[in-house]
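Subject: Structure handover

Hello,

I am passing this structure on to you.

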Amino acid sequence: MDNLFCLRCNSEIEAGQKSVAVYMFAQTVGVRPRQKSSAQRICFCPQCSVSLAMGPPPEGALNAAAWQMMRELVGAHPALNEAAWESLRGNVGLFLENDSEDAARPTGTGGYFEF
Ligand SMILES: [Zn+2]
């Protein structure tokens, strides 16, 4: 099984690691023979999932559709938020272990996101 990467931040998502997978396929309608494309799997790490869901709607119909799905998941249950929070704490410990003031502050202003 090949390893996957978060589409937004490109961090590696190992098998069994918490993440969000977006499956996408295309299918013909009203056309014979009916055709169906293979499915693409797009992955987001918990931080990016939450970040995207909390952010403003992105440009583009496909991006907006994915954004709506993220909002649905993130809004339905705090599990994803907790996973993002846990990994954020892990990263903060790695990079800023000697500066607790900065560690408490989220990095980046997060205005606009791209899929
Ligand atoms: Zn990510």
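Predicted model: local features only at pLDDT ≥ 70, side-chain atom pairs only at ≥ 80, totals over all residues.

Residues are numbered from 1 along each chain as its sequence is written, and side-chain values use heavy atoms, with hydrogens and water left out.

Overall chain

The protein chain has four helices and four strands; helices (H or I, at least four residues) and strands (E, at least two) are DSSP runs, numbered from the N terminus. Their order from the N terminus is β-β-β-β-α-α-α-α. Of the 115 residues, 20% are buried (under 20% relative accessible area, using a 1.4 Å probe and protein chains only).

Zinc site

Four cysteine SG atoms, from Cys6, Cys9, Cys45 and Cys48, coordinate the zinc ion at 2.2 to 2.3 Å. Donors are N, O and S atoms within 2.8 Å of the metal (3.2 Å for Na, K and Ca), and water is not among the atoms, so sites may look incomplete. The angles among the four donor atoms are 101 to 120 degrees, and the site is tetrahedral (four donors, all angles between 85 and 135 degrees). The spacing of the donor residues in sequence is C-x2-C-x35-C-x2-C. Both cysteine 45 and cysteine 48 are buried.

Second largest pocket

The second largest pocket has a volume of about 160 Å³. A pocket is an open set of points on a 1 Å grid over the protein atoms alone, where a 1.4 Å probe fits, with protein on both sides within 12 Å along at least five of seven lines; lining residues have an atom within 4 Å of a point. The volume is the space filled by probe spheres set on the points, which are joined across faces, edges and corners. Of the 12 lining residues, Val22, Met24, Ile42, Leu62 and Ala66 are closest to the centre. Strand 3 (20-24), strand 4 (40-44) and helix 2 (61-76) each give two or more residues to this lining, and helix 2 gives the most, with five.

Leucine 80

Where is leucine 80? Leucine 80 lies in helix 3 (residues 79-95) and is buried, with a relative accessible area of 14%. Beyond its neighbours within four places in sequence, leucine 80 is in contact (heavy atoms within 4.5 Å) with Val20, Pro46, Ser49, Val50, Leu73 and Val74. Valine 50 is 30 residues from leucine 80 in sequence, with the C-alpha atoms 7.1 Å apart.

Regards

Notes. Buried < 20%, exposed > 50% of the residue type's maximum accessible area, 1.4 Å probe, protein only. Tetrahedral: all angles 85-135°; square planar, octahedral: opposite > 155°, others 65-115°.
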